[in-house]
Each structure stands twice: as structure tokens, then as C-alpha cells.
Amino acid sequence: MVEAPGSKIKQEITKILYEQGYILAYKFDTNEKGHPSIKIALKWNAQNKCNAIKGLKRVSRPGLRKYASVAEMPRVLNGLGIAILSTSKGIMTDAKARKENVGGEVLCYVF
């Protein structure tokens, strides 16, 4: 279980990770002060002792934003991972952005 402060972007990224099968469950809540928080149950395989998320790399940061058009859309581990983008149509994966034919800011890679 992981608990983190919440925001709209974090909630959308959490939903994407759940849909793609990287996390087991999530819950959006508020703490005792009324601030939003996110509780995430990580996926764990007890037999071979490994996590579903092998790596998470932040790409765009406040000092250096990274943008990608549809033609320059990144492929993570040759399609085995996902890239999460912030587009004009909302936060989505690289595959969905290619389908919708939109580009945007590359937030992170998950593999």
C-alpha cells in the first residue's frame, strides 16, 4: 500500500496505471485536513518476488519540458511499456494518442 498527496493529474495517471494492469487497486480520499490523497495497492508476485512496475522514468520536468507530435511519439521498450502523455484531449497513453492523432507533453515512461 502506498499513500500519496492527490491532484487531478495524479488521479488520471493512477487510472491509466490501473487500466493497463500495473497496479492492483486504488482509492481517492481526503485526509484529516481535507486535502485530497490517493491510496494505491501495488501489484506484487510473491512466487518470483517481483513488482509489476519494473521501472518508472519521469521525462518532462519543470525545467525542461518534452513535447512529441504524433510522428515523433515515443515507443517504450519497443511496445512493452507505455508512455503517458498530457494532450489537449486529456492525459492518455501513447497508443491512445496515436489513435486519436494528437501529440502533447510526455510525462513519464512506465515499464
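Ala71 sits in the loop between β7 (67-68) and β8; helices (H or I, at least four residues) and strands (E, at least two) are DSSP runs, numbered from the N terminus. This is a predicted model, in which local features need pLDDT of at least 70, side-chain atom pairs count only at pLDDT 80 or more, and totals for chains, interfaces and linings use all residues. Residues are numbered from 1 along each chain as its sequence is written, and side-chain values use heavy atoms, with hydrogens and water left out. With a relative accessible area of 78%, Ala71 is exposed; here buried means under 20% relative accessible area, exposed over 50%, and partly exposed in between (1.4 Å probe, protein chains only). Ala71 and Gly103 lie 32 residues apart in sequence, and their C-alpha atoms are 8.5 Å apart in space.

Arg75 has its place in the loop between β7 and β8 too. Its relative accessible area is 53%, so Arg75 counts as exposed. If you set aside neighbours within four places in sequence, Arg75 is in contact (heavy atoms within 4.5 Å) with Asp94 and Arg98. Arg75 and Asp94 are 19 residues apart along the chain, with 7.7 Å between their C-alpha atoms. A polar atom of the Arg75 side chain also lies 3.2 Å from the backbone oxygen of Asn78.

## The chain as a whole

Stepping back, the protein chain has 2 helices and 10 strands. Read from the N terminus, its elements run β-α-β-β-β-β-β-β-β-β-α-β. The C-alpha trace spans about 45 × 40 × 25 Å along its principal axes.

Of the 111 residues in the protein chain, 32% count as buried. Among contacts between residues at least 6 apart in sequence, 55% join residues at least 24 apart.

## An open sheet with a helix on it

Three strands form an open sheet in the order β1-β3-β2, with antiparallel pairing; two strands pair if DSSP finds at least two bridges between them. β1 (2-5) and β2 (23-30) stand at the edges with a single partner strand each, so one side of each has no neighbour in the sheet. On average, neighbouring strands of this sheet are turned by 20 degrees against each other, direction ignored.

The antiparallel pairing of β1 and β3 runs over 4 bridges. Ala4 stands opposite Ile38 in β3. Helix α1 packs on the sheet, where it touches β1, β2 and β3, and its direction makes about 155 degrees with that of β2. Axes are lines fitted to C-alpha atoms, for helices over the stretch in contact, and angles run from 0 to 180 degrees between N-to-C directions.

In soluble globular proteins, nonpolar side chains tend to be buried together. A nonpolar core is a set of buried Ala, Val, Leu, Ile, Met, Phe, Trp, Tyr and Cys residues joined through side-chain atoms within 4.5 Å. The largest one here has 13 residues, of which Ile13, Leu17, Ile82, Ile84, Ile91 and Val110 touch the most other members. The elements giving two or more residues to this core are α1 (8-19), β3 (36-42), β8 (82-87) and β10 (104-110). A second, separate core of 10 residues includes Val59, Met73, Ala83 and Val106.

Not counting residues up to four places away in sequence, Val110 touches Leu17, Tyr22, Ile53, Gly55, Leu56, Val76, Gly81, Ile82 and Ile84.

Glu105 is found in strand β10 and, at 14% relative accessibility, counts as buried. Its side chain makes a polar contact with the side chain of Ser60 at 2.6 Å. A polar contact is a pair of N or O atoms within 3.5 Å; within protein, one must be able to donate a hydrogen and the other to accept it, and residues adjacent in sequence count only if both atoms are side-chain atoms.

Leaving out residues up to four places away in sequence, Glu105 touches Ser60, Arg65, Lys66, Tyr67, Ile84, Leu85 and Ser86.

## An aromatic cluster

Tyr18, Tyr26 and Phe28 form one aromatic cluster, and the count comes to 2 aromatic pairs. Rings of Phe, Tyr and Trp (its six-membered ring) pair if their centres lie within 6.5 Å; planes under 30 degrees apart count as stacked, over 60 as edge-to-face and the rest as tilted. The ring centres of Tyr18 and Tyr26 are 5.3 Å apart and their planes stand at 75 degrees, so this pair is edge-to-face. Tyr26 and Phe28 make a tilted pair, with 5.1 Å centre to centre and 45 degrees between the planes.

Tyr18 counts as partly exposed at 41% relative accessibility. Tyr26 is partly exposed at 29%, and Phe28 is partly exposed at 29%.
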